[in-house]
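Subject: Structure for your review

Dear colleague,

Please find below the structure that I am handing over to you. I would be grateful if you would look through it together with the notes that come after it.

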Amino acid sequence: MTAHTDLDRSVVPAAFDRAAAHYDRLVGLNPGYHAHLRAAARAARAAGPGARVLDVGCGTGASTRALLSTLVDPEIVAVDASPAMLALAERRPWPGSVRFVHSAVDDLPGAELESPFDVVFAAYLLRNVAEPDATLATLRRLLRPGGTLVLHDYTLADRLRPRLVWTVVCWSVIIPAAWALSRDTGLYRYLWRSARQFDSPSRLRRRLLDAGYTDVHAHTVGGWQRDVLHTVTATVPRTVLRETP
C-alpha cells in the first residue's frame, strides 16, 4: 500500500463506483454504523408522519433503510451521484413510497424532485462536495420553510484525540481491509484525508448559520467515534427577515 492520498472530489463518484461491490462489507466492520444512522434519522421525526424526505448521498441505501425504520410512513426520494452504488440500492426491496434518482447534489434543482421537502437527510456527504457552501444553499432551497436539515458525518472535534483515533482506525483497520478485499485503497485513503480536512463541529455550525439556517445543534456518538462522528441538525427559517430601510 502507498500513503498517496490525492483524489480530486470531481472523481469521487467514479471512485465509489469502483468500490461499490465491497462497500457494504467494509462499513459493516464498524458495528455501530447502522445504529448511528438510525439514531441520526430520529432527528427527522419532528416532521411528523408522512414527511417528504430527501435522502441525498444515499449510496447503497443504508441511510434510506434507516429513515424507513425510524419515521412513520415517510415518502423518500433517495439520490446519489454514483450509478454503481445506486444500482445496488435499487436491487433491494422497497415500498412504493421510495424512489431513487441518479444525480449529483449540485444538479438537484434540475431534477424532477417535486420539492419542497420536510426533511433533507445527508449522511457522509457534505465533506465530499466541491463547494460545501453552495451545496448547503441548494439543500436549503429544496426544504420548505421550517424544514429540517440533518447532516451525519465525520466532523472531527478540534482536539488531538479524535484526530489521532480517526487516523489509527483508518490506517489499521479500514484501509488494510479495503486492500484485502479489492487491492484498491484510493477511496478510503481519500475519505481518511477528507475528514481530517473538513470542518470541526463548531466550524460546521458557523457555516450553517452563515448559509441562513437556524437552530443548529451538534451531537456526537459514543464509543470510539466520540468526538469523531456527529449528527448536526439545522432548520430553515419560517419567515425571511427583511432589513429595515
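The notes below concern the salt bridges in this structure.

Please bear in mind that this is a predicted model. Side chains of opposite charge can pair when their charged atoms come close.

Arg-18 is exposed, because its relative accessibility is 52% and the cut-off is over 50%. Asp-184 has 31% relative accessibility and therefore counts as partly exposed.

Within helix α8 (residues 201-210), Asp-210 and Arg-206 lie 4 residues apart, which is about one turn of the helix. Their side chains form a salt bridge whose closest N and O atoms are 3.3 Å apart. Asp-210 is exposed at 56% relative accessibility, while Arg-206 is partly exposed at 41%.

Is the pair Arg-207 and Asp-199 buried or exposed? Arg-207 has 11% relative accessibility and so counts as buried; Asp-199, at 7%, is buried as well. The closest N and O atoms of their salt bridge are 2.7 Å apart. Both residues also belong to a network of salt bridges that includes Asp-133.

Yours sincerely,
A colleague

Conventions. Residues numbered from 1 in each chain as written. Predicted model: local features only at pLDDT ≥ 70, side-chain atom pairs only at ≥ 80, totals over all residues. Heavy atoms only, no water. Buried < 20%, exposed > 50% of the residue type's maximum accessible area, 1.4 Å probe, protein only. Salt bridge = Lys/Arg side-chain N within 4 Å of Asp/Glu carboxyl O. Helix = DSSP H or I, 4+ residues; strand = E, 2+ residues; numbered from the N terminus.
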